[in-house]
Amino acid sequence: MIAHTTLHVSDIQKAKEFYSKALAPLGYALSKDMPEYKVAGFKSGEGNHDFWLQQVEGLKPSHLAFTASSEEQTQEVHKAALAAGAKDNGGPGYRTDYGAGYYAAFFHDMDGNNIEAAYWNPAK
């Protein structure tokens with residue numbers, strides 16, 4: 001089980017603003033800001049800070065998927081990310097080549113990181 005992950009970004013301030021908007025439909029909020037280290041932590045509800053941002057030099061884009069609780073929530077994340085400035089990398093829909101019931105949406109953040117909201121629909 002993964003306790004937390006860190007996504008590298010080129011501008012921590014812009015990334016904090018972007019992810020605060022893009023991940024709001026999942027209940028994520030910025031809750032730990034450490035500007036002296038160029039690090040920021042997000043969590044959903046009362047849980048653990050399981051998503052971190054860190055500003056680094058020589059950035060190489062990554063892929064990160066967040067679990068959504070429904071098709072609608074997947075759509076909301078995608079819409080919020082695009083409204084916050086993301087670039088579409090695959091709108092909400094079933095990805096049958098990924099497996100039965102796999103519903104996902106993809107976008108690129110300002111650094112080219114491929115971010116995904118994914119929902120596994122057991123009825124499909």
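**View 1. The largest pocket of the predicted model has a volume of about 300 Å³.** A pocket is an open set of points on a 1 Å grid over the protein atoms alone, where a 1.4 Å probe fits, with protein on both sides within 12 Å along at least five of seven lines. Volume is the space filled by probe spheres set on the points, which are joined across faces, edges and corners. Strand E5 (residues 63-67) gives the largest share of the lining, 4 residues. Lining residues have an atom within 4 Å of a point; among them are Ile2, His4, Tyr28, Asp50 and Phe66. The lining divides into 8 nonpolar, 3 polar and 1 charged. This is a predicted model: local features need pLDDT of at least 70, side-chain atom pairs count only at pLDDT 80 or more, and totals for chains, interfaces and linings use all residues. Residues are numbered from 1 along each chain as its sequence is written, and side-chain values use heavy atoms, without hydrogens and water.

**View 2. Helix H1 (residues 12-22) packs against helix H2 (residues 71-83).** Their angle is about 145 degrees, on a scale from 0 to 180 degrees between N-to-C directions. The axes, fitted to C-alpha atoms over the stretch in contact, lie 8 Å apart. Phe18, Lys21 and Ala22 in H1 meet Val77, Ala80 and Ala81 in H2. These residues divide into 5 nonpolar, no polar and 1 charged.

**View 3. Phenylalanine 18 is a buried residue of helix H1.** Its relative accessibility is 4%; buried means under 20% relative accessible area with a 1.4 Å probe, protein chains only. Beyond neighbours within four places in sequence, phenylalanine 18 has contacts (heavy atoms within 4.5 Å) including Ala84, Phe107 and Met110. Glycine 85 is 67 residues away in sequence, yet 7.4 Å away in space, C-alpha to C-alpha.

How values were computed. Helix = DSSP H or I, 4+ residues; strand = E, 2+ residues; numbered from the N terminus. Nonpolar A, V, L, I, M, F, W, Y, C, P; charged D, E, K, R; others polar. Buried < 20%, exposed > 50% of the residue type's maximum accessible area, 1.4 Å probe, protein only.
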